[in-house]
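Biologist: I would like to learn how to read the fold of a chain and a contact between chains. Where do we begin?

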Amino acid sequence: MVVALAVFLPLLGAFISVWLSRRKPRLSVIVSRLFLAGGLHSTIVLSIKLNAWSFSDLGNSIILRTGVGAPPLSINLEATGGAVIAAIVVYVAAILGISRLTSRNVKTLPLLLSLVTASLGLLFATDLFNSFVFLEIGSIITIGLTAACRCRRRWEVAVKVALVSGLVTILYLLAIVVIYKTTGELRFEALGMLHGFPALLVSGLMLTVIMTEIKAFPLSGWGLDFYEGASPGFAGVYSATWSLAVLMWSAGILPRLPIPNLQILAWIGAGGLVLGQFAGFRATSPGRMMGYSSAAYASILLILAGTTTGHDYLQLTLVLMIFAAIAKFTVFMLADPENENPLKSAAGNLLLLPILVIAGIPPLPVFWAKFKLLSILAGVSPLMLAAVVLGLFLEAVYLLRLWSKRPVRFLKNGRLVPAVTSLLMAAGAIWLTAGFWRSLSFSGSLLSSSTLRILFMTVFGAGTLLTLPGAWNRIKGERSYWFWMLLSGISLTFLPMAGNGITFYILWEVSAFAAVIAVSRGSRAAAGTFWFAVFAAASGFLLLASIVLSRSMFIAPGIPLILVAIAALFKLGQMGAHLWSVRAYSAAPATMSAFMAGTSSKAAVFLLVVAALGTGAVAMPAGSVLAWAGVLTALSMAVMAALSSDYKKVLAYASVSQMGYILIGLGLASVMGWTAAIYHTFHHFLFKMILFLGAAGVIFRTGTSDYNRLGGLIRRMPLTFTFTLISVIAFAGVPPLAGFGGKWFLYNGLIETGWLPIALIAMFASVVAFLYAFRLLHAVFLGQLSTVNARVKEAPLALLVPQGILTAALMLFSFRPTLFLEHIVPAIESLPGLKGVAPVINGTIVTTPLGNWNAWAVGMMVMGLFGFAFVFYWLSGKRPKHVGQLDIGFAGELPPSAEEVHYAGNFFKPYRRALAFLPRIHAGKVFSGITEVFKIAGDSVRAIFTGDARTYLAHSLIFLVIVLIYLRGGI
Amino acid sequence: MYCNKLPDKPDDRKKIWDKVDNMARANSLWVTAYGTGCGAIELRPLHTSRFDMERFGIAMRPTPRQADVLIISGYLAVKTLKRVIRVYEQIQDPKYILALGSCTINGGMYYDSYNTLNILDRYLPVDVYVNGCMPRPEAIIDGFSLLMSKIKAGKADGWKHYMENLEYYRENQKKVIHNWDLPDYNW
Amino acid sequence: MISLVMSITFTALAALVWGLLLGGISRMVTARIHGRIGPRLTQNFIDLWKLFRKKSSIHHGTMFWLAPMFRVAGAIGVLVLVPLVVGNTVIVNMSFSGDLLLVVYFMFFGCLGMALGAGDSGHPYAVIAVSRGLAQMSSYELSFSAVVLVLAAGLRTLSIEEIIMAQQDGILSWNLFRYPFATAAALITLLPMQMAYPFSIVLAPQEIPIGPPTEYSSRFLSFMFSGRAIFGVAKLVLFVNLFFGGASSWISLLFKTFLLYMFPIFVSTVFPRFRTEQSIRFLWFVPTSLAAIDLLRVMI
Amino acid sequence: MSTAFYWSIAGTAAGLVLVGLWGILTRKHILRIALAFTLADTGVNLLLVWSGYLPGRTAPIVDGTISASGITSAVVDPLPQAMVLTSIVIGVAVAALFVVVGVLASRRTGSADVRRMKELRW
Amino acid sequence: MIRTLTGLIIVLVLGAVAAAVIPEMQMREELQGVGYSYVSRGMDDTGSSNLVTAVIVAYRGLDTLGEVVVLFCASTAVVLILTLYPIGIKASEPSRVVAFTAKVLPAPILLFGVYFIAHSHISPGGGFPGGTVIASVFLLVMLGSSSVPDGRGRLPAIESLAGLSFGLLGFWGIMTVGQFLNNAFLGTGTPGTIVSGGLIPLISIAIGAKVASEFSGVFKAFRNTGGTV
């Protein structure tokens, strides 16, 4: 009874509304909603009866018998747990989509309601011919609604859909003829009774039909056109109702196909995923991107069908398909129907959640399914795993591009839909995370040394807390981002507590994508966000692949380790990947940059530490590769920093450059190297935070980060200058302050190991650091104060206080580094597998086999000398007279204006000239080269979608022919 | 942007160091040469091994901040005067002016030019005039030794005079410089 | 503590006097090479005194104010971090508290302060000079780093005392002979360090009046002069320690530094000046290649 | 005789389907494609009926000529007939809709040539 | 050219497949599978002497419901599309012959249609053909008059009612025997008589009404837009 109500209530509603919609349009909408609500209620009752929400007994079912007698004579509708949940999604989508679809023409109501019935019928169908009827209903409604909805290219789409569904009809009927003729049956079970040539033919036909219907890659042309050309309102409803039903139905059919080796499905899927997503990479229209994404999901379905069985299969397909459907529905619903290119003007903020869901970012629901899928694939074939990971990555890339186009408009009254669907997705996330909770672990066992764990947690936690106050000082054009920063920071803080790979990965990704969102809310974020997101996704997928490959361990040696190392390099934004880091750091809201450069970049260090330990210390060749990567980054980024003239960009380059030293240290795989790395990690955190927070203050007050428009701010912002000066001296490595220690340990380690060339370049890079260090101080704080900035105030307290705290810490550890080292060195010494001798700490003296360093003595000496010089000067005569900033010896002339005298742009011109012999390699160009290759690949792939409807038909038929030939084992 | 205060009055109390100071000042004359006129050409030979002014401790200093002596070499046009005033005022005390050539004394051959100053002393306190059109390097060295002996004697106090009579000098300066766009004080 | 302060005071004063004297000598030598008589030997003392006793001075801001102190503190700091005379237990200063790396990096302290002061003066020429100077410094530090690495890796120590002790077995044990190429490279880097021609692009009086200290006058300038004098001596001492067997007595220290000081003077007087980028490239390639030879030897 | 009939029906039907497919793939005019579809559809329907064919039997309707007891050996399979009925109706429905859409599409694009409907691609 | 060639190749290959597969489908001599059951049990189960109708309406009633929905959707879609975007052809005056025919023939055709529907369970025929026949009456009337018939509201009402009754009949089955669209609970009656076959006649009537009203709606839509069918 309940099943019947669930399926047929909308139909009754449709029958009523066809009449009512002419008489009382408003009433008909209400009545339809009532019918849908009734149906929804029935499905919910069903789901509770079936205990479907546990996602564990999805095979349970309630059967509705129809007609007379029992199957095979009559037809049953079987409401399995999975189908019921999908049905709920269908209902929800329909209820939410009604107003959008009927806003122009209420006469579409009957079609929409019938579509729900058709979807549910298909979901519950057990009979081949019955499925055919429902499929036809769906096709007809699709054609009808496409043509009826207002969008420019509806006719083209309608014709294509009609042609394709016509072909599907023919092929499907042929299959039914063969099946019935051979078995005398029409239930799904009949597929299993086939043998020999008919089995082969039926498999071919059914596979073609299914792949065309679910829009799996080579046969997805019509689907792409549909999603691009149909009105977004209908496309959304379609994707969450009909498309979902077809996918779930196909999921039921695919494993029953009489193919001897079902794994071929997985290969078709994997190949389609990679190729299809290459093509999608090139898509420009948002609707088309969604089309490609739905092709990706179709491919995943094929992969699932080919590799999993039973419970896993049911669960994975269900989770993947329903959440993707909800997400896609949301995306389309957010589109603005008034606009010519509707998705481009979708509400950008709300767009992110569904896109992240589709891309499978943890802990959003789809992630769990993808994770499990990848774990299974790791056991099937690494090649397939690689293909799937690549495909998913490409999908994530273009989805993120869709989001980063930063559509700005908010829908006036369209907030209900995103609210509900977001709630659904969030609920799914919580529900599934709870389901997987037992697989998470917060024992912190990834990093055995509690000292290091506490160190990293301190860095992450303190970094978050100290940047947080600054997030309230936003400049014009920035939107509130503190929440995302906090989220990112919290997940980072828990990162060291992660006890296994999956926990680590989730925290990592949450942190990364929260950061992406925070960055995107900057005033000029468009430039930085996309690449940031891409690299975050890339490092995420690499990490995921390696976790999946190394199974129970966090990191296994070999390929997983390499993947992790690359992931960490991406995250660190090392040379090559600095594309994102520099862009994102300079584009992000200023405080966010501080957080990212100072704090969250340390997550990559943590990852490397953990990875190295997980495999018993970094092996030498890998270590030297790391070290070389680090040193080249350190040098090249330092040069870039010296030559660029944007405050934040310089800091960004600088921070990437400094990360290079950490890499070298880690690559050394010796106690000394690791001491250097950890020491530098901590101190880099201190001084980079100060620098970026200082920059935040400057930018907040002056509204610019261009060197040419700053200058002389020491007069207006003396405290900020003091903090910045101290941290600059620190990171330049000039002795009394802390930065020297890191370099000292590093060179000790390098000389000890004998890596002299690396040491040489590292030393050189550290001197190049002076260039940008001075330039930074000069261009922003020294030189001439421009008239524009003549009245700026000191930075707000929210920025100054954290800087003060950090500076105090920096000074403390500068003069008494042993306070820090006496905890760190034993911890590092106790780690397994590190070679070399540990530095000896004796009071304030640190001794290595090569030399010694007494920071306290040096600090006192500098203080004493400085004090002496100062006092001597003070006592030795009259005070000097302060003169105005333009009162300079200018060949007897008056300087024209402060701005013209302030020398900040094109600063190290001779350096640039001296470097001219080098070929100029821009990372941007390299990446656009890679992108170009991808684009060409994508173009050549997507060239098959010529737009001619008949080509799509030909695709299906050619595919059929190929499958038949393959199944027959040759011609 | 610019200084807007009068300089402190020089401390005239006699000190035990004064003699030593004056000796040092006399033997370490750092020169900013303002090549206003043709006389500048005669300064160059002073560097050479033939005349070698370094043996007197005289050195060229390209910035007025570090100089002691301002050499005004030749005629001074109204336009140039502005710059010279600024340069002079940017030199730190004690400072001296060495004026070369007849033009600085009475306008020389340009005495009737519409824009040449005839008597430099009205506008800036000259410590030593070196006569001639142009004076030979030997004459300049002679001028220097005169200046040195004046310094040693503690009598080279043109700078004090200038400061004490600033209003007089400004008045004269503003008389010839019609569009006075300098800051009032150029220290 | 008192003895330490006294020892440092003595060292600094001695270095100042020696530095000014060397400066005077250099001016005289240069004059003689030019065929002039040149100034008195004490000319630098007179200049210093005069500057110190000027009656007025101006400043542009806090950093402008502090820069000369940076300079002096940095110079004395480098000096006292370097052991002066082998076996002298009275004047050891602070040489116990750090090794070669510390000294090398501490050398930037004064430069950085100087540069900051120049920046704060607001004079574009000063900043241009700083930009040139930093660019050049970063270039010669490449080869100097190579030299440091040669010594550190070759002698398996970074401690300057130990480097000196390793050179006490006769003249042939000097690093000059042990690592001739590295020494040559180091001597080339000494030229820009001492702002000698052809690397005198920082002061470059013909282009940018006097460079970074353009705006400095009077007492500030006297501080800078003293700082420069002391710093020069400190560098010479360091070079003597690193390559020329250290000094076994005060006499030999004076003698060796004097001889070493002559090298930049002679080079300086006979060469014209490089353009900045020429200088940078020269310093990148020539001395670094020289040092690299010894670096390879050490590595193999 | 009935065997030949059986095979000839099958051949005709298959031929119709193939001709229809060929038409679908190669024709340009949208209504011709619709016609080709109808052809193929007809072929498939024919195949459906063919699949229930038994030699020498009559329609599955119990009337005077058939006794209830011997019915299983007297009539053909009713299921394909039922299916073909459904299939025909569906075919009609789809064809109607397709023609409407096709006509309107050709009106809007100004041409009945499907090659002109390629604005959406790639 | 390429397209033709591709088409040709595809068709040839598929032809080869057909040539290979059809001989596998040997002609049977006996009923098999469900077909046998339908024939042997159909009369008893459903009380319909037309076994095809028994299969359509009773055994596989769900398919038929779906079929009705297909038609319903197609007609709704066509009407909707044509209302929104009229094709815009002017209708011409009906010729005399047509006008005359339209006056004479409707009654017999209507009768025929009703008979078709009412006897669907005992003789060849059924809701679909019957409904179509009735719709042709509407078409004829429409062609015979130059004005647009005023069926506003009535057709959709019939359509609604017919569809609703079909659906509700299905639910009736659930409520009585727990089987959707079951027709046997009313009693199957004597096969071959007009009151037999349980719900079959009722459903047939509903189907007939629905099909008729839908087709009429479609015709009207074409007419409304000024087109000729």
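Biologist: Which pattern does chain E follow, read along the sequence?

Modeller: Helices (H or I, at least four residues) and strands (E, at least two) are DSSP runs, numbered from the N terminus. Chain E reads α-α-α-α-α-α-α-α-β-α, that is, nine helices and one strand. This is a predicted model, where local features need pLDDT of at least 70 and side-chain atom pairs count only at pLDDT 80 or more, while totals for chains, interfaces and linings use all residues. Residues are numbered from 1 along each chain as its sequence is written, and chains are lettered from A and ligands numbered from 1 in the order in which they are written.

Biologist: What radius of gyration does chain E have?

Modeller: The radius is taken over C-alpha atoms, and the globule rule is 2.2 Å times the number of residues to the power 0.38. For 229 residues a compact globule would come near 17 Å, but chain E has 22 Å. Its C-alpha atoms fill a box of roughly 60 × 55 × 35 Å along the principal axes.

Biologist: How many residues do chain C and chain A bring to their contact?

Modeller: Two residues are in contact if their C-beta atoms, placed from the backbone, lie within 7 Å. Chain C brings 63 residues and chain A 58. On the side of chain C that touches chain A, α5(C) gives the most, with 17 residues.

Biologist: Which strand of chain A pairs with β1(C)?

Modeller: Strands pair if DSSP finds at least two bridges between them. Strand β6 (residues 881-882) of chain A pairs with β1(C) in the parallel sense over two bridges. C:Ile58 is the bridge partner of A:Lys881.
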